[in-house]
Amino acid sequence: MSTKTELEIVSPGAFASLQDGGRHGFRRIGVPWAGVLDRRLMRIANALADRDENAPVIECFDGGLHVVAHGGAVKLAVAGDAVVEVDGPDGRRQLAPWRSVTIADGEALRVRKMGSGRIAMVAIVGLELPAVMGSASTYVRAGLGGVDGRALAAGTRLALNDADAWGSDHVLTQPPSADERPIRLVPGPQADHFSAAALDALVGGDYRVTAEADRMGVRLEGAKLEHSGAADIVSDATVAGSIQVPGAGQPIVLLADA
């Protein structure tokens, strides 16, 4: 009797979910794109695992992801500036990031913490997920995609296809550098709700990413952006990358689940 190979989520860390290139064409009925927050990392992880560039991956935040193989060996690839460790019969060993690795039945892989950035992608050879509205991406608020529309949780097991061909392990010798180019801002249809001083502060001031962040948006902290009138506006369409400014005056950058 054969045993099905599975990858168990021992811990999802801060937040982990299954994502792919996204669910496009349904925003008109209120369904966001979802999908990975960094398509470059997804493509790198899948390339390291010899997978299609848009194949589903585990997207995890701030380290803490802990997975273990059951029923057979599992090939994984990690893209991101992370500390990666494997727990095996000879103890724990640390690996360079930006690589694929094969863990044996019973061995575990941990994404311990991030260096630069907050996101890592983990590609898994043999992972196949049903498409919902054209994508396997998890959108938790509507319960779409992934595993029953939920974020990954301790005890979740992902069934893997043993028939997938395995290539050799790969290491990315020249990881991508951080993008230091300026960020372009385009005034939106409610730009007249702010004074010129507020717009100058947004463009010329210093803002930092706060802990108030999820896949829907990330709140920034810096100079307060004063509204010229009431902060409330008529509900309007948004896209990823839009900046909302609530009454408190601290901007929120909308992300994939907006």
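How many helices and strands does the chain have? In this predicted model, the chain has two helices and 15 strands. The radius of gyration is 20 Å, close to the 18 Å that the globule rule gives for 258 residues, so the chain is as compact as a globular protein of that length. Along its principal axes, the C-alpha trace spans about 70 × 35 × 25 Å. Of the contacts between residues at least 6 apart in sequence, 72% join residues at least 24 apart.

Buried residues account for 40% of the 258 residues in the chain, and the accessible surface comes to about 13,200 Å², of which 53% belongs to carbon and sulfur atoms. With regard to charge, the chain carries 25 positive and 32 negative side chains, and the centres of these two sets lie 0 Å apart.

The largest nonpolar core comprises 29 residues, and those with the most contacts inside it are Ile58, Leu76, Leu109 and Ile124. Another core, lying apart from the largest one, has 16 residues, among them Phe61, Trp98, Ile119 and Val125. When residues up to four places away in sequence are not counted, Ile58 touches Ile9, Ala16, Ser17, Leu18, Leu65, Ala120, Met121, Val122, Ile124, Leu152 and Leu158.

The loop between β10 (119-124) and β11 (157-159) holds Leu127, and the loop between these strands also holds Met133 and Asp148. Leu127 has a relative accessibility of 3% and therefore counts as buried, the cut-off being under 20%. Its neighbours within four places in sequence left aside, Leu127 is in contact with Leu18, Arg51, Pro56, Leu158, Ala159 and Leu160. The C-alpha atoms of Leu127 and Asp162, which are 35 residues apart along the chain, are separated by 9.4 Å. Leu18 and Leu158, which are in contact with Leu127, are also among the residues that Ile58 touches.

Most residues other than glycine have a negative phi. Met133, although not a glycine, has a positive phi of about 55°, and Asp148, likewise a residue other than glycine, has a positive phi near 55°. With a relative accessibility of 31%, Met133 counts as partly exposed, because this value falls between the 20% and 50% cut-offs. Asp148, by contrast, is exposed, because its relative accessible area of 62% is over 50%.

Conventions
Residues numbered from 1 in each chain as written. Predicted model: local features only at pLDDT ≥ 70, side-chain atom pairs only at ≥ 80, totals over all residues. Heavy atoms only, no water. Helix = DSSP H or I, 4+ residues; strand = E, 2+ residues; numbered from the N terminus. Rg over C-alpha atoms; globule rule 2.2 N^0.38 Å. Buried < 20%, exposed > 50% of the residue type's maximum accessible area, 1.4 Å probe, protein only. Contact = heavy atoms within 4.5 Å. Areas by Shrake-Rupley, 256 points an atom, 1.4 Å probe, with all protein chains shown as cover. Lys, Arg positive; Asp, Glu negative; His and termini not counted. Charge placed at Lys NZ, Arg CZ, Asp CG, Glu CD. Core = buried A, V, L, I, M, F, W, Y, C linked by side-chain atoms within 4.5 Å.
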